[in-house]
Structures are given as structure tokens and as C-alpha cells.
Amino acid sequence: MAMEKTAKIKTRKIAGIASIVMVFFLTAAFVFETLNLNINVEYYLIGIIAILTLIVIISMIRTSANHKLAFNVPFVILIFYTLLTTISGWQTGHYLLVCLVLCAVSCLYLNFNRTAIFIIVNQLLIMILILSGYPVSGQNTAVPAVYINWAVYLSASVVMLMVTRIATVHLDKALEHKNSFMSLLATTENYVAIIDEYNRIVYASKTLAKLGNIEEHTLVQGRPLLDLFPGRSLKVYAGKLLKNKDSYTDDWEFSLEGEKQYFKAASHRLAGVSGGTLISLYDMTHLAERDEIAVMKDNMKIGLFFMDKNYVIQDHYSRYLEEMLMTTKLVEKAFTDIIIDSVTAAEMGTIKDFFKMVIEHAYDQEMLDEINPLDELHYIKKDTKQKKVLQFAFAPVERGGGETFILTTVYDITVKIELQNRLAEEESRRQEEMQSVFEFLQVQPNVFNDFMDDMEYEFDIIEQTEKDESLSHHEVLVKIYQSVHAVKSNAVVLGLNTFGKKLHNLESKIKKLRELEGEVPFADMLDVTMDVEKMFHEKEGFAEIIEKFQAYTNIAVDTKQQSKALIDSLAKTSARAAEDQEKLIKFIADDIDDEAVEKCPRRVVKEILVQLVRNSAIHGIETPDSRRAKGKNETGTIKLAIRMSEDKNKVTVNFSDDGNGLDYKKISEKALKGKLINEDEAANKDLLIKAIFAPGFSTAETEGMYAGRGIGLNLVRDRLKNVNGSIKLRSEDGKGIHFLITVPVQRVMQ
């Protein structure tokens, strides 16, 4: 090995000297040729270029990594000579010859890959020069001759490259194999030897040498193999092996130093000129001792295996392990690679840290069990998409040679976890059902019937929307969003929080889809449809619960008093929103015309007023501290009046609060950000008022159950449009806002 390394160093020195000499030679040849051809050249400039080239090359030879020189040095000389040739006006015809010599210099550095790169770069440069019209083969050389010269140079370069490959890659592999074999003999735990035709040792492993009480395995060369085996029984076995050494296999059972030993012995004649026989003795003692454990583990419905410090699975794992991991031929596979698709990158880091603690005995077994990150692994087989839940346990075990392995036990707990999840889901469903029943009982029967009618109406709208093929997916989502929002608002008003949260989650899903650019995928639309269907079935369940309750309590539902039901709903909306926002709000509705409530499109008016009450409570009315600071009463006021018009054809709704009024600055910022207006329109209040009715527009900083979705006023606008109604608003900074809503009287069909 040392001799080979010294030879390589000498070759590189020769290459370095050749490179420096070549710079001198090319410079001298250039000066001689230009003088001989009477070419006018600035020789001081040539001298400077040559000196700089020498400095660069010498610096490379001294400081660059050896493997880089095969490209760097000849490339610098190539650039240098190309520059000289250009200065001389390409009067000489030696360019291709010099390139060939540079290829030879590169080969001297004995690095096949770098030489190959240099030849490719060199050929590309020559091709560019030829195509650009430069006379690389000298002035007035015919074009066919140029290409023939280039082909000859290319062929010579390829030949040199192949020679370099033989001298480097093949030689290095041979040396590597020889060195690897010698390293194997020095480190292997097996008993290995190569013997000649006279049964004398050519090579022997360290363990086999120690068997003959010889510490240095190289000292056994030339000795008879039989001399290395102590004891009569071993010598008898060895004698039988040597008699049948061309092809021998047998199990050896013997006592050595009072301990029972088991060897698997084999010999095989080696092919080749040198011949010889390979002797291999594999110590099976530890495997024989584990026979009882092996029988036990192969009959237990658990996975058992050892892995080393590099997480590699060792041989002799339990037969159920492959079934559990849904992977065959696990030996030599890294356990971390098998579970990589089942954990995140951060989790994998934690797992590897844990294995390190197991190997190093950092904690006692009880502590290791507590911090085990794979106590419950949701295992995924990526190619088949199969899933299991596996439980792993790890313990350090020292095996032969003092190396620590990790004994891993695997349990398939999929059925157990599925049962636990089903029980948890059933318990959650029962709790949810009981909570819903409790919430229903708090609602007055007539109000609840009102809620059910409104919800039925909204689900009808959703069904019609889904069937309307003229609408795009985005338009469908907006309409579904409005209806879901309307139902959620009513549910929250009545205190049906369990149902309200489910609707809120559905809103979140729809909102994400609305924000997608381009067409919404069909699969996502189908998913929304299925979720709406679930809400519909839950609604049907509400009706059944209430019917049972009413039958049990014999309560009759009053379907009249629409005005009172409307005012109660709005008062609850105000109270709940105020409580959520930690505000004080007084809802006043003392100017309500029962005839107007009865004849107006009640459902639309109710939805509109619910949204306006919530907007006032959340965005308009200030906190008590803020109101006191402004000199206002700490309790904000929301006022509502509903009247018939003089001609009895319309219903007018006056809605106002004494809060902040519209924050035009914040509205302008949000409208600009949402591209609803341009910079020139930022101060146009009419356009800003129009913007607040756009879908998704909201000045709230965060989203919640009560605000932030940007659908409330958009719903108001669309619902009024459906009934040919109108809305106007007036806002005064710091004094509040006033809405005037007009809707036509609802005609009763005769």
C-alpha cells in the first residue's frame, strides 16, 4: 500500500514538472516562430503572460487537492497557449498537437474522472474554434484535412483516456479488493484461511491465528494449517477437512477450555493460476445457545429482532415480523428506512436520539419505556397504503465482541386501538347528543319551530344551488356559504353551540375552497356536498328529538306571535354577542308593527336583522372603557323599528346603533388589499360602502364563531336582492350607523 502511494506521488511530481517545463517550451517556441515568420509581437506582454501562467500553475501544484490537478493545470496551459496562438494571428499549425500533449499531461496525474472532463472541455473548445473559422491546423489548410486532424487527435485522446482508466480505476479497485481482504482478515470474527496445495497457510484471519496462540496473524504464513488447531478433537476435524478440502462442509462440536463449542466448517478450492483453498469456520455457539429462544419467538404472535447502532436489522428475526411490517427480507435493512413514511422528519430525529440513549444505557429500562417515542406508531406501508398500529419496546443487549445491540419487540395493537377509537367516538356522540338535547330544552317551542323552518328553507336553497348547472363551483360555494352562515347564526342565537360549532367547521372548509385560484376540484366539491348532507341528517334528528320531547311533555306549539319570536331571537343575538365581546348592549325594539312583521318576508328580514345585530355588537358598539373615554354611556344601544308604509305595499325597517360608525380608513385598506377598489377610489365613500357588501369582506383581524368570515353583509345584500328589497345606510364618525331597509309586502296566494 505504501509503495503504491509513493509511486502515485512520484507520478504527480513528474506531471507537475512536465507542466512547468511545457510553459517554458511553449513560450520559447512561440518566440522562435514569431521571429522566424516576422510576426510583430509585443514580447514583454508575452513574458508577463508566461510568468502569470507559471505563478498560477505552481500555486495550484502546491495548494490544490491532488485529484483536481488533472483538470486545473492542463486547462490553464490550454488557455495560455490559446492566448499565444491568438496573439500570433494563428500563423502556426501546432494547436492540435499541443492539445494532445496537454491530454497526456492530464493523464500523468492519474485521475480518470478529471482527465475525462478535461478532454471533453478541450474538444468543445476545438469545436467552437473550428466552427468560428480559426485555422487550428494552420493557415490555408483544407477543411477536410482540418477534420481529419481533429479526428486523429480525438482518437488519440480516447486511447490515452482508456489507458488512464486501466492505470487508475482498475488498479485502484484491485488494490482496494486486496486491502479490503487484508482488513477482513484482521477484523473478522470468523475463522478464515487460504492454504496452498501443501496445506500451508497463505493468509489467515486474526481469530484463527489466536486459536493457535499466535497474536499477529501475518506470522502464521507458511505454517501448516493443522498446527493452529489445539486439542485432539479439533485436529481430527481439521484432518478430515484437509482430506476433502476441494469441497467440504460439516458441523463441528467440541470442547475448548472446558466450554462447549459449535462450528460450521467449509472449504472450497479457488480458481485461478495461484490456486489454493479457502477454509472458513463459522462460530455457531451463540446461535446454538439461542435455539430455545428461537423456538419460543417463532411460536409467539409478536415480532422480535435485533438491530445494531446503525439501526440495521440483524438475522434470525421472528417469523411474524415480516407479516407485521408487511415487508419481506428484512435482514440488512435499516429499521428507520422501514418506518420513514410513518413519521415526520422531527419525529425521526427524536427516535434516533432515543436509540442512542438505549445503546449508551443512558437511563434504566423503566425510564426508557416511559420516554419510548414508538409506544404507539401509526405504521403506513407506502406502496400498498396499508395501515396498522404497532407498539414497539426496546432494550439494550450485549452480544459477542462487546458490541451493544437493541432487542426490539413488536406488538400489533391495531384492533385494540380501533376498538378504543370506536368506544371514544360512541361516547363522544352520546355526550354530544345529550348536550344537544339539553340545549334544545332551553329553547322555547315556537322559537325552535321557527329555527327549524328557517333551516329547512336554507337547505332547500343549497339543494337548488347544487343542481344549478349554470353556476361555477365558486358561485355554488358562495351560495352554500351564505346558507350555512345563516343557519349557524340562528343556531348560535338559540344557544345550540354544539350544532353551531359543526357548522362553523363546515364554513372554514368552504372558505378555504373559495380562496383557491382557478376551478375547485370536483372531489372537494363532493366532499362539501357530503358534509352538507350530514348536517341535513342531523337536522332531521333534531326534529325527532323535539317531537319525542313534546309528546312526552304534552306541550302544544304556538305558531303565532311572530313579532315576539323575532324580537326574542334578536335580543338573544345581541346578548350573546355582547357577552362574547365583553361589552354592555341594550337592545330596544319598542316600535314594532305586528302587521308589518306578519306581512313582510319574515325569514329574509330575520336573517338580515341577525347579521346587522351581530355586526353592531362586534364592530360598532365600543367597549365600556372606550365609551366612557368618549363621554358616552358605557352601555351601547341598538334600536329597531318595523313599520308598514302608508300605501301598505312595503315594510320599512329602521335599524341603528350609537357606536363608532364605519371606519372608512380600515375599510379602504382592506378594499385595496382585496383589489375591490383602486388607489384613486380609496376616499370614495360610496364605493367603500359598496365594498363592505362584497363576499369575503371583513375588517375583523381574526375569525371566530361570531365574526371575521366576511359573509354577513354579503348575505344581507343577496337576500334583499332575492325579494326585490333595498338597503341604505348612513354613518357618522363616533355617533353610530343607521340602516333603512325596505321590502315589499309578501302576497298570500289565494
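**A nonpolar core and its surroundings**

Reply: Leaving aside residues up to four places away in sequence, L609 is in contact with L570, L640, I642, V653 and F655. The model is a predicted one, and side-chain atom pairs count only at pLDDT 80 or more. L609 belongs to the largest nonpolar core, a set of 47 residues. Together with L640, I642 and V651, L609 is among the residues with the most contacts inside this core. The element that gives the most to the core is helix α22, residues 602-620, with eight residues. In soluble globular proteins, nonpolar side chains tend to be buried together.

Next, the chain as a whole. The protein has 750 residues, and 42% of them are buried. Its secondary structure comprises 26 helices and 14 strands. Of the contacts between residues at least 6 apart in sequence, 59% join residues at least 24 apart.

Helix α2 covers residues 43-63, which makes 21 residues. From first C-alpha to last, α2 reaches 30 Å, close to the 30 Å expected at 1.5 Å a residue. Which residues of α2 are buried? They are I46, I49, A50, T53, L54, I57 and M60. These residues lie on the same side of α2, because they cover an arc of only 135° around the axis. An α-helix has 3.6 residues a turn, so residues three or four places apart point the same way. The other side of α2 carries the exposed residues Y44, I51, I55, R62 and T63.

The structure holds zero disulfides.

Charged side chains complete the picture. Side chains of opposite charge can pair when their charged atoms come close. The structure has 19 salt bridges. One of them joins K630 and E622, at 3.2 Å from N to O. E622 is buried, its relative accessible area being 4%, whereas K630, at 42%, is partly exposed. Shared partners link E622, R627, K630, K632 and D658 into one network of salt bridges.

Another salt bridge pairs E463 with K467, and their closest N and O atoms are 3.3 Å apart. Both residues belong to helix α16, residues 445-467, where they are four residues apart, about one turn of the helix. E463 is partly exposed at a relative accessible area of 39%, and K467 is exposed at 60%. A further salt bridge connects the side chains of D196 and R200, with 3.2 Å from N to O. R200 counts as partly exposed because its relative accessibility is 37%.

Definitions and conventions:
Residues are numbered from 1 along each chain as its sequence is written. This is a predicted model: local features need pLDDT of at least 70, side-chain atom pairs count only at pLDDT 80 or more; totals for chains, interfaces and linings use all residues. Side-chain values use heavy atoms; hydrogens and water are left out. A salt bridge is a side-chain nitrogen of Lys or Arg within 4 Å of a carboxyl oxygen of Asp or Glu. Buried means under 20% relative accessible area, exposed over 50%, partly exposed in between (1.4 Å probe, protein chains only). Helices (H or I, at least four residues) and strands (E, at least two) are DSSP runs, numbered from the N terminus. The expected span of a helix is 1.5 Å times one less than its number of residues. The arc is that of the directions from the helix axis to the C-beta atoms. A disulfide is a pair of cysteine sulfur atoms within 2.5 Å. A nonpolar core is a set of buried Ala, Val, Leu, Ile, Met, Phe, Trp, Tyr and Cys residues joined through side-chain atoms within 4.5 Å. Contact means heavy atoms within 4.5 Å.
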